[in-house]
Amino acid sequence: VANTVTAAEASALVLPVRAVDVEDIERELHGILFEPSETAETPAEVAIRARMSNLLVWIDDPNDAARLENDVGGVAELHPSRILVMVGGVGAGSDLTAYVSAICQIGEGGRRLCSEHVVLRAGRGAAHRLPSVARALLVGDLPTSLWWTSATLPPAGMGVADELLAMAGQMIFDSATCSAAYAGLPAVGAWVASLGKRTVADLAWSRTEPWRGLLIRALDPRCAPAALAGLRAVRIEHGAQATTEALLLLGWLASRLGWRVAGERPDGADGADRRRWVATGPAGEIALEARRDPAGRAGIVRSHFGWQEPSGRAGSLDVVAVDGGRLATSASDGGLERIVAAPQARLPALVAGRLADLTVDRVYLEALTLGSALGRG
Amino acid sequence: MSGKTGGNPLAVGFEGGVLAEPCTLVILGAAGDLTRRKLLPALWNLALDGMLPASFAVVGFSRRELSDEAFRASARDGVERFSRRLPDAGAWEDFERTLFYVCGSFDDAEAYRALRSRLEATEASLGIPGSRIFYLSIPPSKITTCVEHLRAAGLIRPATPATPFSRVILEKPIGRDLESARAINDAVAAVLDERQVFRIDHYLGKETVQNLLVMRFANSIFEPLWSHKYIDHVQITVAEEEGVGSRANYYEEAGALRDMMQNHILQLLCLVAMEPPWALHADVVRDHKIAVLNCLRPVPARALEEQVVRAQYGRGLQRGIEVPGYLQEERVHPDSTTESYVAIKAFVDNWRWAGVPFYLRTGKRLPRRASEIAVQFKDVPQILFNADPEALLDPNVLVLRIQPDEGLSLRIATKLPGPRVRIYPVKMDFRYGTTFGEQSPEAYERLLLDVMSGDATLFMRRDAVEASWDWVTQILAGWADGGAPPVAQYEAGTWGPAEAERLIGRDGRRWRTP
């Protein structure tokens with residue numbers, strides 16, 4: 001699901017990693033940035049410590065730690081932060097090891113603009129110690145966000161997750177990794193509801209932004225006067241791991257346009273890869289459909305919107321994802337074929353974008369509620 | 001439904017930025033430098049970010065004979081040279097398909113009819129509902145003719161919610177004094193409702209200028225201090241390193257007072273001095289800004305010597321390189337008295353700012369390019385740490401850097417480590433580039449997007465333009481009367497004439513080094 005950054009694409013400079021004692025982390029971080037090193041040749045290499053946030057990153061599979069390493073660097077480049085990566089389940093023992101480094105951009109005049117980077121690796125017997133280490137390393141007066149990279153939502157009553165959540169004002173997660181099937185979104189909805197007033201940032205929702213932006217513009221009443229009021233059919237086609245994106249997009253349309261999800265059509269489920277529902281809106285019934293192509297490209301790949309104008313004339317808009325982060329639209333009258341830029345952000349940019357936005361996204365919450373209703377069938 | 005969503009329920013709460021309305025942007029004077037350097041690169045960046053409307057086109061209009069293809073090639077050249085992001089294969093082709101060009105003279109009614117035909121055909125083929133923005137990148141003397149022709153050709157529609165919109169963007173300078181500004185505004189008002197007019201000042205699109213309101217009104221620590229009770233004075237500097245260069249024809253007619261002070265600097269002054277607006281709606285913010293301009297103390301001829309210095313740069317060394325003086329520049333009249341530098345001591349006569357001088361200065365061929373607002377707080381009482389009259393403490397200064405190196409800094413006094421009590425001034429410094437890393441969008445990106453979405457907050461209203469001209473025209477009139485001090489001289493590569501030092505020095509203060 002994650003559109004990650006490879007080592008070859010990574011552009012940040014990562015200073016040499018030092019293995020350190022847990023109690024020395026703060027001092028070692030200072031040393032890495034501000035004490036002259038043997039390799040520093042000129043005063044231009046002096047570092048500037050940059051912190052916009054505390055970013056706690058939870059990784060429960062040690063194999064993911066290596067995969068996400070470049071993405072964490074990418075986040076630091078876009079949103080300089082004090083980053084604490086916590087890797088749980090590193091073996092069955094009770095070892096807790098710490099590593100410090102800095103992720104730097106090279107600015108004007110060779111200045112290094114650096115995010116502090118701490119990695120804590122804990123065996124299963126030491127995972128419970130991680131929150132206390134993190135708590136001591138949080139920088140005051142900065143927003144704190146928790147990026148939950150796990151493929152499962154934090155289980156209820158998981159002490160470590162609860163403690164980390166208590167430190168964070170914002171929870172970043174990806175409902176697409178937590179819910180591969182249509183029926184999985186309701187569990188996400190219930191979990192988000194349990195978080196109360198904490199800001200929630202769902203990366204799957206962020207990935208729908210280019211689609212939403214395009215649909216807002218293409219279905220705007222000033223361009224397609226009867227489209228929104230007369231919508232009768234919506235179909236979303238998507239790749240294997242984008243079921244939640246499809247449901248969130250449908251939920252967004254339903255919530256914005258005042259539709260009520262009447263339920264799944266009797267012939268609604270067609271294996272695991274196709275679901276159909278009926279919604280009712282101010283102007284009548286709307287047929288909704290989501291189709292998954294397990295072998296298809298990632299994300300939402302195609303959408304269809306059909307409407308009926310007051311004159312009875314039918315209209316439609318089809319949108320297809322094409323290469324190069326672009327979306328191609330074509331309308332029923334044949335006169336409106338257009339390709340527009342709709343850049344899909346890579347994983348670091350998605351996370352950095354959410355870190356910079358600490359507001360409660362009510363539009364998402366409403367989309368999630370109705371998307372969950374669709375997932376329930 | 002909010003007006004900003006244009007009746008589109010999907011747009012409510014969209015987090016992806018400002019939503020531009022479907023429209024055609026018509027650039028009159030499209031063969032000029034501004035189009036290639038600023039407007040097209042800005043539009044290209046908006047396209048790359050997916051911020052342009054789904055239905056959108058650009059139509060260039062100018063006297064120069066160009067085909068659509070040549071206009072597109074010129075656009076590409078401009079983007080390659082001046083954009084923060086370069087063209088890439090697929091996206092550029094999509095973008096350039098929306099660029100069109102019509103050749104015609106601004107004085108020729110037939111040319112406007114040809115423009116209309118081309119617009120209608122383009123709108124029909126691209127599904128644009130007929131909403132149009134006319135960017136008048138033309139000399140002020142042509143504005144009246146141009147808007148009258150636009151009306152006569154039926155290109156401008158009245159402002160009603162039910163019909164596609166017509167908006168006009170006017171570039172500064174709007175006139176060269178109060179009378180000519182009024183004449184232009186009257187001509188525009190005869191054709192357009194004020195809500196359709198967007199007077200652009202690109203300074204107001206800069207992130208740091210927008211941050212001024214956030215800094216003042218989103219932080220509780222500043223506002224209680226923001227008055228004559230705690231502020232000693234304010235300095236606003238807009239320094240240019242370049243000389244008059246290729247703009248001599250224009251500059252000879254304008255000078256620093258018209259070119260910079262009447263618009264950029266007075267707008268900055270408004271943002272520093274305005275009362276808290278009760279909402280961020282365009283007219284509320286602009287009402288509060290005009291209130292500042294209305295409180296500017298007039299500078300009559302008898303006060304010119306005391307409050308205003310004008311000067312021209314002479315030969316000098318700029319970063320070690322010898323540069324000519326103003327009078328030696330190409331196309332500058334050898335007897336020219338046009339000022340390349342102006343410094344003014346201004347007062348905002350209201351309760352908040354009673355007695356607080358605002359020292360304003362701008363000039364060409366100063367040591368480096370720098371725009372900043374410096375708010376200097378009053379001295380602490382001369383007891384305790386400030387008891388030595390021979391070594392007074394440096395007062396606190398809050399500096400808002402607009403360009404380059406955007407950010408803000410605060411100078412505070414602190415104790416040097418050691419057994420003795422030694423006070424030392426240190427600077428707390430916030431830099432946009434250091435903290436946020438990302439490249440900020442260019443001012444024109446934000447401003448064009450605002451016009452497309454109908455948000456006039458960052459544009460100047462007629463009353464503000466005329467109020468600022470009113471204040472400036474009095475100074476111009478004083479100079480024209482001949483009783484004012486002659487144009488002073490300063491060496492290129494220095495911070496201005498000795499007369500400017502005396503202007504502020506008489507008050508026991510000195511200019512900052514930005």
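**Exercise 1.** Determine what share of the contacts in chain B, between residues at least 6 apart in sequence, join residues at least 24 apart.

*Solution.* The model under study is predicted. First, take as a contact any pair of residues with heavy atoms within 4.5 Å. Next, keep those contacts in chain B whose residues are at least 6 apart in sequence. Of these, 76% join residues at least 24 apart.

**Exercise 2.** State how many helices and strands chain B has, and explain why chain B is described as being as compact as a globular protein of its length.

*Solution.* Chain B contains 14 helices and 17 strands. Its radius of gyration is 24 Å, and the globule rule gives 24 Å for 514 residues; the two values are close, so chain B is as compact as a globular protein of that length. Along the principal axes, the C-alpha trace of chain B spans about 80 × 55 × 45 Å.

**Exercise 3.** Describe the burial, the surface and the charges of chain B.

*Solution.* Begin with burial, which requires under 20% relative accessible area. Buried residues account for 56% of the 514 residues in chain B. Finally, chain B carries 61 positive and 67 negative charges, whose mean positions lie 3 Å apart.

**Exercise 4.** Characterise the interface between chain A and chain B.

*Solution.* In this interface, 36 residues of chain A are in contact with 40 residues of chain B. The area buried between the two chains is about 2900 Å², and carbon and sulfur atoms give 57% of this area. On the side of chain A, the residues A:I216, A:R217 and A:R222 supply 26% of the area that chain A buries against chain B, more than any other three residues.

Note on methods. Residues are numbered from 1 along each chain as its sequence is written. Chains are lettered from A and ligands numbered from 1 in the order in which they are written. This is a predicted model: local features need pLDDT of at least 70, side-chain atom pairs count only at pLDDT 80 or more; totals for chains, interfaces and linings use all residues. Side-chain values use heavy atoms; hydrogens and water are left out. Helices (H or I, at least four residues) and strands (E, at least two) are DSSP runs, numbered from the N terminus. The radius of gyration is taken over C-alpha atoms; the globule rule is 2.2 Å times the number of residues to the power 0.38. Buried means under 20% relative accessible area, exposed over 50%, partly exposed in between (1.4 Å probe, protein chains only). Accessible areas come from the Shrake-Rupley method with a 1.4 Å probe; for residues, only the protein chains shown count as cover. Lys and Arg count as positive and Asp and Glu as negative; His and the chain ends are not counted. The place of a charge is taken as NZ of Lys, CZ of Arg, CG of Asp or CD of Glu. Buried area is the accessible area (1.4 Å probe) that two parts lose on being put together, summed over both.
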